[in-house]
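Have the viewer open and follow along.

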Amino acid sequence: MQGHAHHQEQGSLTKSAITATLHCLTGCAIGEILGMVTATALGWGNFSSIVLSVALAFVFGYSLTIRPVLRAGVPAKRAAHVAFASDTISITTMEIIDNAFILAVPGAIAAGLDEPLFWWSLLASLAIAFLITVPVNRWLIARGKGHAVMHELHAQ
């Protein structure tokens with residue numbers, strides 16, 4: 001029976017990691033897509049495009065965490081701390097993988113908005129980043145870090 005409880009705990013931990021990563025992916029995807037589309041439309045270079053996309057991914061990622069925390073009545077300073085504690089490693093991992101993939105695909109970073117390469121490489125990079133970030137979030141949650149900080153808030 002103890003093995004069954006351990007298996008359920010592991011499944012619950014994985015489910016929490018998937019949920020946390022989907023949450024992170026939402027903010028990262030909004031920021032990444034908005035940044036890439038904006039930079040490409042404005043004809044910016046590769047470096048500027050990546051900087052804008054990463055910055056917006058963090059802004060949207062943190063914003064999606066801060067909003068419900070503020071609605072729960074947590075003061076703004078504490079809400080910001082919770083967002084940073086719960087999302088920084090996840091967003092960072094996702095952005096490193098995401099941008100590394102786009103840079104590794106020949107022509108993807110230079111593709112125009114009207115080219116399928118732009119869109120499929122961007123979507124594939126987010127999917128790969130999700131797959132790699134799930135175990136990172138699982139590891140963090142198991143140690144009381146990352147999105148476990150959010151769960152502590154709900155337990156109070």
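Predicted model: local features only at pLDDT ≥ 70, side-chain atom pairs only at ≥ 80, totals over all residues.

**Aromatic pairs**

A pair of aromatic rings is described by the distance of the centres and the angle of the planes. The count here comes to three aromatic pairs. Two of them are set out below.

| Pair | Centre to centre | Angle between planes | Type |
|---|---|---|---|
| Tyr62 and Phe84 | 4.6 Å | 85 degrees | edge-to-face |
| Phe118 and Trp119 | 4.8 Å | 75 degrees | edge-to-face |

Take Tyr62 and Phe84 to start with. Tyr62 sits in helix α2 (residues 46-71) and Phe84 in helix α3 (residues 76-104), so the pair links distant parts of the chain, 22 residues apart. Which side of the burial cut-off does Tyr62 fall on? Its relative accessible area is 13%, and buried means under 20%, so Tyr62 is buried. Phe84 comes out at 44%, which makes it partly exposed, because that label covers the range between 20% and 50%. Ring pairs also bring in Phe58, giving a cluster of Phe58, Tyr62 and Phe84.

As for the geometry, the Phe118 and Trp119 planes are at 75 degrees, and over 60 counts as edge-to-face, so that's the label the pair gets.

**Nonpolar cores**

Tyr62 turns up again here. The largest nonpolar core has 18 residues, and Tyr62 is listed among those with the most contacts inside it, along with Cys24, Leu25, Cys28, Ile91, Met94 and Ile141. Helices α1 (2-41), α2, α3 and α4 each put in at least two residues, with α1 giving the largest share, seven residues.

What does Tyr62 touch, leaving out residues up to four places away in sequence? The list is Ala83, Phe84, Asp87, Thr88 and Ile91. Of these, Phe84 is its ring partner, and Ile91 is another of the core residues with the most contacts.

There's also a second, separate core of nine residues; Ile102, Ala108, Ala111 and Phe118 are among them.

**Out on the surface**

Ile128, Leu131 and Ile132 make a nonpolar surface patch of about 260 Å². Leu131 belongs to helix α4 (residues 116-142). With a relative accessible area of 60%, Leu131 is over the 50% cut-off and therefore counts as exposed.

Key: Residues numbered from 1 in each chain as written. Heavy atoms only, no water. Patch = residues over 30% accessible without salt bridge, like charges linked within 9 Å, V, L, I, M, F, W, Y side chains within 5 Å. Areas by Shrake-Rupley, 256 points an atom, 1.4 Å probe, with all protein chains shown as cover. Salt bridge = Lys/Arg side-chain N within 4 Å of Asp/Glu carboxyl O. Helix = DSSP H or I, 4+ residues; strand = E, 2+ residues; numbered from the N terminus. Buried < 20%, exposed > 50% of the residue type's maximum accessible area, 1.4 Å probe, protein only. Phe/Tyr/Trp six-rings, centres within 6.5 Å; stacked < 30°, edge-to-face > 60°. Core = buried A, V, L, I, M, F, W, Y, C linked by side-chain atoms within 4.5 Å. Contact = heavy atoms within 4.5 Å.
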